[in-house]
Amino acid sequence: MMLRTVCKALIILSLAVWIPGYQSLAASAPLSNMPAPVPCPSVTGPLHVEGTKLCGRDGSPVQLRGISTHGLAWFPDYVNEECFSQLKTQWDVNVIRLALYTAEYNGYCTGGDQNQLKTLVHNGVQYAASQDMYVIIDWHILSDSNPNQHIAEASAFFDEMSRTYAGYNNVLYEICNEPNGGTSWDDIKVYADTIINVIRKNDKDGVIIVGTPNWSQYVDEAARDPITGFDNIMYSLHFYAATHKEDLRNKMAAAIEAGLPIFVTEYGICDASGNGSIDTVQARQWIDLMDQNQISYVAWNLSNKNETSAILNSSCAKTSGFTESDLSDSGRWIYQMLTEKN
């Protein structure tokens, strides 16, 4: 029996007992097919920013809800069309984030095969396009802390990506994942000015998302001194629900009130390490606030890594065709949250 052919009452009942101690409705049943969620590129068209809102071509606010890959160098096999199709039709995902680590082991700037990594990005964009989904190309700085450390490589990368995808209506550019280690907003603005100019030479209108200080949490600093001179710029905020609670939600709400367009390009329902316990109460408060403000959000992460934030069990060797029993506790909660509106 397909998961979503089970009556709605049973699904709602199952949510009440999920996480922890959840007992599967149909542990070996494939997740069901459902109509594609909207917005999607064929309906909503290319995106742009109006005020604090991400909007479609008709000016109506758009909310993207999706999932991020883990590092492409480490988990490349999840970049396949069957996987993306399942996330769209069964999870109501309408955006995929392609996380290209820059400085970790086999990172793009630290010994990774750049051509192979770019091929994964290109394949991911094509699979998303064929499935009528939006896609975020994520320059995933982390241990390099300051994006200016690899600004030359970033410039060349985004020049190629923006030249290739300027004509696409589904591509967004995330130019620095999580500046950290004392990297200031002034440092980030210097970097962003360079990379935005590179992209704008090729793609005049594509939405560009800029990371904020302290692992993309200090949106208040960006709100006080936003980037000027460019259209269609958004700012990222990241949270992990067991660590980041009311204080960060208040900071996000204040930044929105000040006029800052925010995109939550990464979140988890566990702690900030990607591990530890799950806090569904805090996670629900985050989801409610983002939905109320029509903020787009992307869950971390699509992998079977042995950590809480992975949506798949570490024992799951599949790269598509996931069943309910293949999902981790995080994966089950995220699946239910993404599909509950339907």
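The largest pocket in this predicted model has a volume of about 300 Å³. Here a pocket is an open set of points on a 1 Å grid over the protein atoms alone, where a 1.4 Å probe fits, with protein on both sides within 12 Å along at least five of seven lines. Grid points are joined across faces, edges and corners, and the volume is the space filled by probe spheres set on the points. The pocket is lined by 20 residues, of which L142, E178, Y240, E266 and A272 are the closest to its centre; a lining residue has an atom within 4 Å of a point. Strand β8 gives the most to this lining, with three residues. Helices (H or I, at least four residues) and strands (E, at least two) are DSSP runs, numbered from the N terminus.

Residues are numbered from 1 along each chain as its sequence is written, and side-chain values use heavy atoms, with hydrogens and water left out. As the model is predicted, local features need pLDDT of at least 70 and side-chain atom pairs count only at pLDDT 80 or more, while totals for chains, interfaces and linings use all residues.

Helix α9 (residues 246-257) has 12 residues and reaches 16 Å from its first C-alpha to its last, close to the 16 Å expected at 1.5 Å a residue. The expected span is 1.5 Å times one less than the number of residues. The buried residues in α9 are L248, R249, M252, A255 and I256. They lie on the same side of α9, because they cover an arc of only 125 degrees around the axis, taken from the directions from the helix axis to the C-beta atoms. Buried means under 20% relative accessible area, exposed over 50%, and partly exposed in between (1.4 Å probe, protein chains only). The exposed residues E246, D247 and E257 are carried on the face of α9 turned away from its buried side. The buried residues pack against α8 (219-224), β8 (233-240), β9 (262-268) and α10. Just after α9, G259 takes a positive phi of about 105 degrees.

The structure holds 13 salt bridges, each defined by a side-chain nitrogen of Lys or Arg within 4 Å of a carboxyl oxygen of Asp or Glu. One of them joins the side chains of K118 and E160 (2.9 Å, N to O). K118 lies in helix α4 (residues 114-130) and E160 in helix α5 (residues 151-165), so this pair ties together parts that are 42 residues apart in sequence. K118 is buried, at a relative accessible area of 13%, whereas E160 is partly exposed at 22%. Another salt bridge is formed by R284 and E340, with the closest N and O atoms 3.1 Å apart. This pair links distant parts of the chain, R284 being in helix α10 (residues 280-292) and E340 in the segment after α11 (329-339), 56 residues apart. R284 is partly exposed at 24%, and E340 is partly exposed at 28%. E307 and K305 also form a salt bridge, at 3.5 Å between the closest N and O atoms. Here E307 is buried at 14%, and K305 is partly exposed at 33%. A network of salt bridges links R97, D138, E174 and E266; E266 is also among the residues closest to the centre of the largest pocket.

T44 is found in helix α2 (residues 41-44) and is buried, with a relative accessible area of 10%. Leaving aside neighbours within four places in sequence, T44 is in contact (heavy atoms within 4.5 Å) with P39, G56, R57, V62 and Y134. The C-alpha atoms of T44 and N170 are separated by 9.7 Å, with the two residues 126 apart along the chain.
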